[in-house]
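Subject: Structure for you to look at

Hello,

Here is the structure that I said I would pass on. Please open it next to this message and follow along.

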Amino acid sequence: MTNHMADDCELCEAARFTHWYYEDEVCWVADCEACSTPMVVWKSHGTRPSKKDLAWMLERLEEAGVERFGKGVGSIDRTMRQVPEHFHAHWRDPQWLSRRWTEIPSKYSGVGGERSLLK
Ligand SMILES: [Zn+2]
Ligand SMILES: [Zn+2]
């Protein structure tokens with residue numbers, strides 16, 4: 001599979017600032033810099049992943065949500081507000097709106113493993 005990338009797309013750029021939960025050849029899951037909740041990002045620049053890739057990505061996102069908040073807390077939000085031309089989805093826990101103002105952001109410390117915070 002060759003991934004299509006776009007210049008000047010922050011999701012293609014995939015800068016590693018926050019905690020990364022997961023990565024494979026299809027997608028990556030990391031804390032969203034703006035929302036501070038887990039976000040899955042397709043590794044191709046586009047909005048129409050195959051059914052198989054889509055199901056795979058949403059499962060990986062849910063796993064990150066469970067890891068972060070526990071089982072049964074939160075749900076998938078597929079609205080693409082900031083980058084509408086590149087598929088991504090957020091995990092939203094009930095406190096996500098206040099979280100972005102009150103919580104210390106996580107930092108990148110390798111894929112998976114312990115989630116550590118920026119001091
Ligand atoms: Zn976000
Ligand atoms: Zn992109």
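The model is predicted, so local features need pLDDT of at least 70 and side-chain atom pairs count only at pLDDT 80 or more, while totals for chains, interfaces and linings use all residues. Residues are numbered from 1 along each chain as its sequence is written, and chains are lettered from A and ligands numbered from 1 in the order in which they are written.

The sheet

Helices (H or I, at least four residues) and strands (E, at least two) are DSSP runs, numbered from the N terminus. Two strands count as paired if DSSP finds at least two bridges between them. Five strands form an open sheet in the order S1-S2-S3-S5-S4, with antiparallel pairing. S1 and strand S4 (75-77) are at the edges and have a single partner strand each, so one side of each has no neighbour in the sheet. From one strand to the next, the twist averages 20 degrees. Angles run from 0 to 180 degrees between N-to-C directions, and axes are lines fitted to C-alpha atoms, for helices over the stretch in contact.

S1 and S2 are joined by three bridges, and glutamate 23 has tryptophan 28 in S2 as its bridge partner. S2 and S3 are joined by five bridges, with tryptophan 28 opposite valine 41 in S3. The hairpin of S2 and S3 has six residues between the strands, and serine 36 there takes a positive phi near 70 degrees. Three bridges link S3 to S5. Valine 41 has histidine 88 in S5 as its bridge partner, and methionine 39 has histidine 90.

A residue is buried if 20 or more other C-beta atoms lie within 10 Å of its own, exposed if 12 or fewer, and partly exposed in between, with C-beta atoms placed from the backbone. Why is S3 largely enclosed by the rest of the structure? Five of the five residues of S3 are buried, so the rest of the structure largely encloses this strand. Pro38, Val40 and Trp42 lie on one side of S3 and Met39 and Val41 on the other. In a regular strand the side chains alternate between the two faces of the sheet.

S5 is mostly covered as well, with five of its five residues buried. His88, His90 and Arg92 point one way from S5, and Ala89 and Trp91 point the other way. Arginine 92 counts as buried because it has 20 C-beta neighbours inside 10 Å. Two residues are in contact if their C-beta atoms, placed from the backbone, lie within 7 Å. Apart from neighbours within four places in sequence, arginine 92 is in contact with Thr37, Gly74, Ser75 and Asp77. Arginine 92 and serine 36 are 56 residues apart in sequence, and 9.7 Å separates them in space, C-alpha to C-alpha.

The 19 residues of H2 reach 27 Å from first C-alpha to last, close to the 27 Å expected at 1.5 Å a residue; the expected span is 1.5 Å times one less than the number of residues. Which residues of H2 are buried? They are Met57, Arg60, Leu61, Ala64 and Gly65. Seen down the axis of H2, these fall within an arc of 145 degrees (taken from the directions from the helix axis to the C-beta atoms), so they line one face of the helix. The face turned away from the buried side carries the exposed residues Lys51, Lys52, Ala55 and Glu59. Just after H2, glycine 70 takes a positive phi of about 95 degrees.

The core

A nonpolar core is a set of buried Ala, Val, Leu, Ile, Met, Phe, Trp, Tyr and Cys residues joined through C-beta atoms within 7 Å. The largest one here has 17 residues, and those with the most contacts inside it are Cys27, Val29, Val40, Val41 and Leu61. Strand S1 (20-23), strand S2 (27-31), strand S3 (38-42), helix H2 (51-69) and strand S5 (88-92) supply at least two residues each. Not counting residues up to four places away in sequence, valine 40 touches Cys27, Val29, Met57, Arg60, Leu61, His88 and Ala89.

Regards
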